[in-house]
Each structure stands twice: as C-alpha cells, then as structure tokens.
Amino acid sequence: MSEIVILGAGVVGMTSAYALARKGHAVTIIDAANAPAEAGASFGNGAQLSYSYTDALASPSLVRNLPKYMLGLDPAFQFRPTLSPGFWSWAAAFLANATRAKFEANTIEVLKLAMESRRAFAKIRDLLDFDHRATGKLTLYSSLQAVHSAGALSRLKNAHGAGQVMLSPKEALEREPALARYGHSFAGALWSPFDESGDSQRFCLGLRHLLENQYGVTFSFGTKVRALTKRAGRLVAIRTEKGERACDRAVLSLGVWSRDVAATAGIMLPVWPMQGYSMTIPATAHAPIASITDSARKIVFCRVGDRLRIAGLADIGRSNGQFDPSRFNRLVETAREIFPDAGEYAADKTAWTGFRPMSPDSRPIVGPSKVKGLFLNCGHGSLGWTLSMGTAARLAELFD
Ligand SMILES: Cc1cc2nc3c(=O)[nH]c(=O)nc-3n(C[C@H](O)[C@H](O)[C@H](O)COP(=O)(O)OP(=O)(O)OC[C@H]3O[C@@H](n4cnc5c(N)ncnc54)[C@H](O)[C@@H]3O)c2cc1C
C-alpha cells in the first residue's frame, strides 16, 4: 500500500490522518506551520461542537439583508464584493443556494454529517485532553419573528435527530442562570442538548501525540506546499519550498488555502474566506455553563476550561488577510454589552483572527478530484471543528 500524504495539519487534516491511519494506511502530514492547528482556523475558533446548529449560511433571510451587509450597516456581518473573478463565481454559486428549498436541503445534509461526526467524536473524546464539555447550547433570539422562523427550522431538523427545544425566556433562565446578567432582552431561546464544546487546538495537539506514538504517522512541519504536479491527469509529485517529493496519493486539507494550491493542478475550488475574530479571557463565576449564541449579534460564548472563548464577526469579500484592530474592538464591545461580567475583559486577551473556508452551499467538499490520486477534504466553513470527524470517516471510506 503506498503512502498517503495529507496536506494541512488543521483539525481537518489531523482527523483525516487519524481515520486513514486507523485503517492501516501509512500517512505523512505536511504543513507550513511548526505545529498542528497553529496557523489556521483550527487555532482560536468558537470551540463549539455544534452538532445541531447546522444552518446553512446562504438563505432567503441573508439575501433580504444583503444591502445592509454590503453597506456595512450590520456590525457583525459584512459582505463587501472584490474585483477578483474567483469572488464573483463563488458569490454567484452562493446566492444560487439562498432559495428556501436549497437552504433547507443544505442545512439537513450538514446535520446528517454532524450526527455522524458526533458518533465518531464519542469514540475518541476520552482518549484526548481538550477541555471537552457536554453542556448543550442555547441560541438566543431577540424577536418573536426570529423565534418563529428558528422554531420552524428546528422542527425540520428534529425529524433528523437534532433534538432541539424552543424555550421561553423564563425556561431559558431556569436552564442557564447566567442569563439573568444578559445585557439585552430576548424573546426565546433554542436549546440544543446534544451540542458540546472543546478546544480544537488542544485536540489537534493530543491527536498528534496519538498519531505519532500509536500509528507511526510522520509529520513534515515548516514545509510550505507550492504546487501539485500531475502527469497524464494523475498526481505524481508535490512541490514544496524544500523541494519536490514524489507522491501518487494525497489529501488536500489546507482550509482557505486549499483553493490556491488546487489551482496549481487546474482545479477551481469554490472556497472563499470568511474572516472572524475571537478572544479568550479568564471566566468569572458569572460565566454561562452552557454555550451561548446571540443570534442577532452573531457572537458565541463558550467555556474552555477555566477560560471564556468569545468568537464572532463574519466578513466576506475585501480583506488583506490581516488582523483588523477595529473589527476586534467591535467584538470586545459587543461581548461586554451582552455579558458584562462573564469574563475578565480587562485581563490580557488572547486576540485572534481566522478565516472560515466557506463553500457556496455550506457543505464540506469531500471526495476524489479530477486529478487521479488527489482527494479533497476542505470547505468546512463555520463548522469545521464540528464536522471534522465525520468528514474524516467519509474520506477514509474512499480508500481501500
Ligand atoms: C471566528 C471563527 C469561529 C469559528 N467557530 C467555530 C465553532 O465554534 N465550531 C466549529 O465547528 N467551527 C468553527 N469555526 C470554523 C473552523 O474553525 C474551521 O472550519 C476549521 O478550523 C477548518 O479547519 P481546516 O483544517 O480545514 O483548516 P485550518 O485550520 O485553517 O488549517 C489549514 C492548515 O493549512 C496550513 N497551510 C496553509 N497553506 C499551506 C501551504 N501552502 N503549505 C502547507 N501548509 C499550509 C496551515 O498552516 C494550517 O495548519 C470557526 C472559524 C472562525 C474563523
């Protein structure tokens, strides 16, 4: 059996390696960074294993609000077109997925994948130490209209095992007493009892140890992939900044960077970055126990050990790929308004920005590519941590 080379040591590449190594394959992982989950979205994401909240991004309500997002009138979500032709083809496919029928179909397909992922996580979570918690999630809605539409979607999802329950504000407060200190009012809260949380970076570090020591997986860190080399439609080598390496079987899992590397082999991947931010601060006694998502302000609060991870903002389009202090400050201000004393905001914050690798339909791209020997596992969008074990299992099924 020939070796399988995995490109990318984010949570998607690491779980791919685990699923393949368990099937007896010889696996090597290449990454430009010096450790797993160091440089990409798997480092500081919202920490939520959001198995039931799989709502696709492209939706009729997003289209209704598009002018607001394009004019920068929503503090949390910006949609700013760029001149890049890659953006326009992605945006056209994205908007084509915003019909009610496609939104619901995409949401349900991702839910099915999330449930597979949940079952796979259940088998590994006790082997690794990653601040795992199974405390459920509350998603807060600010208006009765929002409660009504979230309730309708949850009924659809519940037919596929989501197990969600819409709670009144009083019922939500009974479930999560920290909501007594919530800085706004809310009309209802969707309770997702199966949702969990954990630190995806620590998960990846633990997985590295397991992969090296129990499965003989090798790592080539500090190695930037420049291009894929094909001959007669078949993958023959990977060109890195350290030289060329012969390879006839590889998995592309480079998060938002998958698109550029795929293009070197003539593959146009519909993956576009959506930038977000997070901070990690010490949690106080007033921090919520359950994960909380404020749907109107698009911010999540999640305990990670004795810390509080606060993540949010979604910026699509123009970006120089850098940390924007004004956007980060927006996250801090919004978080302080929502839960003024849940965390030590004045303490040193681990301030972070990352890029969600968005596909137009919010479904990850898993399968063979048109280049023989090259497989894809990318485009996990806002849910890559949640879906990673599920996509890894689906990927492994493709290999004998
Ligand atoms: C603000 C924010 C909050 C989020 N919250 C959640 C959440 O609560 N729950 C959830 O499930 N998901 C969440 N996500 C999404 C999730 O983090 C991503 O979907 C997931 O981390 C993607 O993993 P990945 O392995 O595909 O990519 P990444 O983690 O980005 O990894 C890509 C890897 O490729 C490497 N690389 C890049 N280019 C090269 C190259 N040329 N050569 C070699 N190596 C290269 C990088 O070093 C990196 O290690 C969030 C994302 C953001 C930004």
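Residues are numbered from 1 along each chain as its sequence is written. Because the model is predicted, local features need pLDDT of at least 70 and side-chain atom pairs count only at pLDDT 80 or more, whereas totals for chains, interfaces and linings use all residues; side-chain values use heavy atoms, with hydrogens and water left out.

The UniProt record, an unreviewed entry, places the feature "domain: FAD dependent oxidoreductase" at residues 4–398; UniProt positions are given in the numbering used here, feature names are shortened, and annotations may be inferred rather than shown by experiment. Over residues 4–398 the chain is 33% helix and 26% strand, with the end C-alpha atoms 12 Å apart. Helices (H or I, at least four residues) and strands (E, at least two) are DSSP runs, numbered from the N terminus.

In soluble globular proteins, nonpolar side chains tend to be buried together. A nonpolar core is taken here as a set of buried Ala, Val, Leu, Ile, Met, Phe, Trp, Tyr and Cys residues joined through side-chain atoms within 4.5 Å; buried means under 20% relative accessible area, exposed over 50%, and partly exposed in between (1.4 Å probe, protein chains only). The largest nonpolar core holds 42 residues, of which Leu20, Ile29, Phe203, Leu207 and Leu211 touch the most other members. At least two residues of this core are supplied by each of strand S1 (4–7), helix H1 (11–22), strand S2 (27–30), helix H4 (100–124), helix H7 (200–215) and helix H10 (384–397). H1 gives the largest share, eight residues. With residues up to four places away in sequence not counted, Leu20 touches Ile4, Ile6, His25, Val27, Val251, Leu395, Ala396 and Phe399, contact meaning heavy atoms within 4.5 Å. Another core, of 30 residues, lies apart from the largest one and has Ala189, Ala290, Leu308 and Leu313 among its members.

Strand S20 (residues 374–378) is mostly covered, five of its five residues being buried. Leu374, Leu376 and Cys378 lie on one side of S20, and Phe375 and Asn377 on the other, so that both faces are covered. Two strands are said to pair if DSSP finds at least two bridges between them. Strand S13 (residues 250–252) pairs with S20 in the parallel sense over three bridges, and Leu374 in S20 is the bridge partner of Ala250. Strand S19 (residues 365–368) pairs with S20 in the antiparallel sense over four bridges; here Leu376 in S20 is the bridge partner of Gly367. S19 and S20 form a hairpin with five residues between them, and Gly373 in the turn has a positive phi of about 95 degrees.

An open sheet is formed by three strands in the order S10-S11-S12, with antiparallel pairing. Strand S10 (225–231) and strand S12 (243–246) are the edge strands, each pairing on one side only. Neighbouring strands of this sheet are turned by 25 degrees against each other on average, direction ignored; axes are lines fitted to C-alpha atoms, for helices over the stretch in contact, and angles run from 0 to 180 degrees between N-to-C directions. Six bridges join S10 to the antiparallel strand S11 (residues 234–240), with Ala237 in S11 as the bridge partner of Thr229.

Ser197 is placed in strand S8 (residues 196–197) and counts as buried because its relative accessibility is 1%. Leaving aside neighbours within four places in sequence, Ser197 is in contact with residues including Ala47, Asp131, His132, Ser291 and Arg303.

With a salt bridge defined as a side-chain nitrogen of Lys or Arg within 4 Å of a carboxyl oxygen of Asp or Glu, the count comes to 19 salt bridges. The side chains of Asp55 and Lys157 meet in one of them (2.6 Å, N to O). Asp55 lies in the loop between strand S3 (48–49) and helix H2 (60–70) and Lys157 in helix H5 (residues 144–158), so this pair ties together parts that are 102 residues apart in sequence. Asp55 is partly exposed, at 25% relative accessibility, whereas Lys157 is buried, with a relative accessible area of 1%. Glu174 forms a salt bridge with Lys170, the closest N and O atoms being 3.3 Å apart. Glu174 and Lys170 are separated by about one helical turn because they are four residues apart in helix H6 (residues 169–175). Glu174 is exposed at 55% relative accessibility, and Lys170 is exposed at 59%.
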